[in-house]
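This report covers salt bridges and the contact between domains. Please look at the structure first.

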Amino acid sequence: MNNIIDLTSVDKSYYLARETTGIASWCKQLIKPSYNSYQALSGINLTVPKGAAVGFIGPNGAGKSSLIKILCGIQKPTSGTVRVLGHNPALREKEFLNKIGVVFGHKTSLWWDLPVKTSLDTYKEIYKIKDSDYSSRLEELSTALNLGNVLHKPVRNLSLGERVKCELTLNLLHSPSLIFLDEPTVGLDVTSKYEIRRYLNYKRKESNLSVFLTSHDLGDIESCCDDAIIIDKGRIRFDGSMHELSANFKANVKLTVSPLNMAQSECDLLKFKETIGAFQNISLINDAPTQVVYLVPKVLLGAVFEMFHHGIYDLEISPMDFENNVVNLFKSWSSE
């Protein structure tokens, strides 16, 4: 089995009851309800090879969580074929569930009022983990994630970072082949993020763990993933390596424009914006009273410079970081 994930023409629609006004409409809706459909995923085709670490990127409402829920069997697709580790996830077979781990950063699988160790011990029995394997894995995880003083605390008393690291521990105890991580570092401090990223990279090298990660923190994607998938409005817009994605972004630079005469800054910037508007492939990133920032293709820089006289504007060129490039992509797609 070369691919751990195979999706073919996957669609997912949700059906929401129509809103009503007035008693008559409410009674009619109660007896014979009507629904509006919402397309969350459309025509998703996707393959992920064994041992890969894939970063799943997209704005809110793009379909990231819906796809993860389909991949781990929590939801069924409306249409299409889904195979994960050779199984149909929707069947929730025991053999399949023993091969995966799932961490939702905004939800918990730990018992809220009991010590963390109680939840871990319970999972040991559910997954029938041998005593020796359980002890060695728990020691490794607690050391790597700095959980030595946490395991015997009630979950309700943990910080967000401690709880998420305990969730990760819970889902790695049975040594899965594939782990799904949905916003695992949301709200975490830099130390907790570093510990989680470092351990995931270690497990990938040590046991060929496959990782499917969604995150709005693009530092997670850059640190842990070799490949990236960008989804927008339920459709895949990019599927390739992080190297390919970075290479595409390097074709553009950030141009920061500031007037030299601050007393006339508003007037000078207005003239600049009118002039640069002649270029179709240049997009505005930030428009402030004393400074404007553009995303400019490198091939157009010479033409831009030729249009302006010295002594009026300060033009600064700098590379775009990964996060700003992705944000700009989302902005460009939002108008489609």
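Asp220 and Arg197 are both buried, where buried means under 20% relative accessible area, exposed over 50% and partly exposed in between (1.4 Å probe, protein chains only). This is a predicted model: local features need pLDDT of at least 70, side-chain atom pairs count only at pLDDT 80 or more, and totals for chains, interfaces and linings use all residues. Residues are numbered from 1 along each chain as its sequence is written, and side-chain values use heavy atoms, with hydrogens and water left out.

**Salt bridges**

The side chains of Asp220 and Arg197 form a salt bridge at 2.7 Å, N to O. The term requires a side-chain nitrogen of Lys or Arg within 4 Å of a carboxyl oxygen of Asp or Glu. Asp220 sits in helix α8 and Arg197 in helix α7 (residues 190-207), so the pair links distant parts of the chain, 23 residues apart. Helices (H or I, at least four residues) and strands (E, at least two) are DSSP runs, numbered from the N terminus. A network of salt bridges links Lys193, Arg197, Asp217 and Asp220. The structure holds 15 salt bridges, including these:

| Pair | Distance, N to O |
|---|---|
| Lys99 and Glu95 | 3.6 Å |
| Lys124 and Asp131 | 2.7 Å |
| Asp220 and Arg197 | 2.7 Å |

How exposed are the other partners? Lys99 is partly exposed, at 24% relative accessible area. Glu95 is partly exposed too, at 49%. Lys124 is buried, at 12%, whereas Asp131 is exposed, at 53%.

The protein chain is divided into domain 1 (3-10 + 42-247) and domain 2 (251-335). These bounds come from an automatic or database domain assignment. Twelve residues of domain 1 and eight residues of domain 2 make the contact, meaning heavy atoms within 4.5 Å. The C-alpha centres of the two domains lie 39 Å apart.

The area buried between domain 1 and domain 2 is about 930 Å², and carbon and sulfur atoms give 75% of it. Buried area is the accessible area (1.4 Å probe) that two parts lose on being put together, summed over both. Leu218, Ile230 and Arg237 supply 41% of the area that domain 1 buries against domain 2, more than any other three residues.

How many salt bridges does the rule find across the interface of domain 1 and domain 2? It finds zero. On the side of domain 1 that touches domain 2, α8 (218-224), β8 (227-232) and α9 (242-249) each supply at least two residues.
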